[in-house]
Amino acid sequence: MSTYCPYTDREVSHDTTTSEHIIPLSLGGVNGFEIRVNANFNSKLGSELDGQLANDFFIAMRRTKYDSRGHSGKEPWATIKNARYGPDDRPAHVHIHRKHGIRIWDALDQEEKSGGGKIRFSTTLNVGLPVRFAAKVGLAAGYYAYGNKFRDCVDHHQLRQIMTIDPAKLQSDNDTIQAIAKKFKARVDSYLHETPSPSDWKLLALRNFCASVDGSTVVLVPGPNSFQVTVGILGQFIATINVPANTERFPNEGDYHWGHVMVSKDKTLSRASWFRTLSDTVDHVL
């Protein structure tokens with residue numbers, strides 16, 4: 001028996017697959033919101049994208065707020081490994097939790113230290129990571145929600161390229177990468193980008209919706225000639241990606257009216273149409 005893997009765009013033997021949480025548990029996902037994918041490729045992506053995003057300082061702080069734990073069940077802490085503290089400017093690892101406060105691990109003495117004083121640290125933002133993660137979620141959630149219509153009618157190859165190629169590499173002189181870059185027709189927005197102008201009300205609505213959800217969400221919106229995926233993690237908008245598509249065959253009634261929304265909250269997955277979700281949001285505000 002074979003299974004289609006949207007990450008690799010291949011039919012793979014079922015015994016080489018694993019169950020993949022479309023939103024990782026560590027980022028607010030729930031059991032049941034899963035598909036089967038190629039096990040080896042999924043392991044690589046899990047480390048390269050899921051793990052990095054879960055450990056991103058700002059996302060890790062949100063994980064402490066929601067106590068969003070991964071498969072290990074360990075309580076999440078935001079960690080800064082290259083910090084300095086105290087009057088001697090000693091090297092340290094700093095662990096921060098919204099409820100439990102700050103813990104300092106002295107890198108020289110190899111022990112936890114207490115006490116006040118200044119802590120100095122810096123963190124690095126991987127500007128391509130949110131978009132790559134959203135492309136990965138878009139591939140899995142698109143196939144989960146729409147099945148072969150997504151496979152046959154959406155230019156998911158562009159999502160796959162975004163997922164696998166670090167945007168920073170698109171600036172290289174490599175002929176192969178430059179050829180791929182020229183073919184990109186995707187439009188992207190991420191939380192590390194400037195806030196859209198009021199004229200981009202659709203993007204603003206998606207950002208505001210993700211921020212209003214007390215959990216994690218995926219919004220799939222088929223347009224006349226496009227397919228749009230938006231991902232929010234633990235009340236934080238992550239990214240929106242819009243790729244070419246022919247969505248004439250896509251459902252647009254009931255739970256799929258204007259698009260499909262999946263929200264994981266309190267260990268439960270709920271699904272509704274984008275039309276109903278927007279209507280409920282407006283009614284709640286009014």
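1. Two strands are said to pair if DSSP finds at least two bridges between them; strands (E, at least two residues) and helices (H or I, at least four) are DSSP runs, numbered from the N terminus. On that basis, strand E5 (residues 78-85) and strand E6 (residues 90-97) run antiparallel and are joined by six bridges.

2. The model under review is predicted: local features need pLDDT of at least 70, side-chain atom pairs count only at pLDDT 80 or more, and totals for chains, interfaces and linings use all residues. Residues are numbered from 1 along each chain as its sequence is written, and side-chain values use heavy atoms, with hydrogens and water left out.

3. An open sheet is formed by six strands with antiparallel pairing, in the order E10-E13-E12-E11-E14-E15. Strand E10 (187-190) and strand E15 (268-273) are at its edges; each has a single partner strand, so one side of each is left without a neighbour in the sheet. From one strand to the next, the twist averages 10°. The partners E14 and E15 are antiparallel and share six bridges, with Val-263 opposite Ser-270 in E15.

4. Helix H5 (residues 156-164) lies across strand E12 (226-233) and E13, and runs at about 135° to E13. Such angles run from 0 to 180 degrees between N-to-C directions, the axes being lines fitted to C-alpha atoms, for helices over the stretch in contact.

5. Is Thr-247 buried or exposed? Thr-247 is buried, because its relative accessible area is 11% and the limit for buried is under 20%, with exposed over 50% and partly exposed in between (1.4 Å probe, protein chains only). This residue is placed in the loop between strand E13 (236-244) and strand E14 (260-265). Apart from neighbours within four places in sequence, Thr-247 is in contact (heavy atoms within 4.5 Å) with Pro-222, Gly-223, Pro-224 and Ser-226.

6. Val-127, in the loop between E9 and helix H3 (129-146), counts as exposed at 56% relative accessibility.
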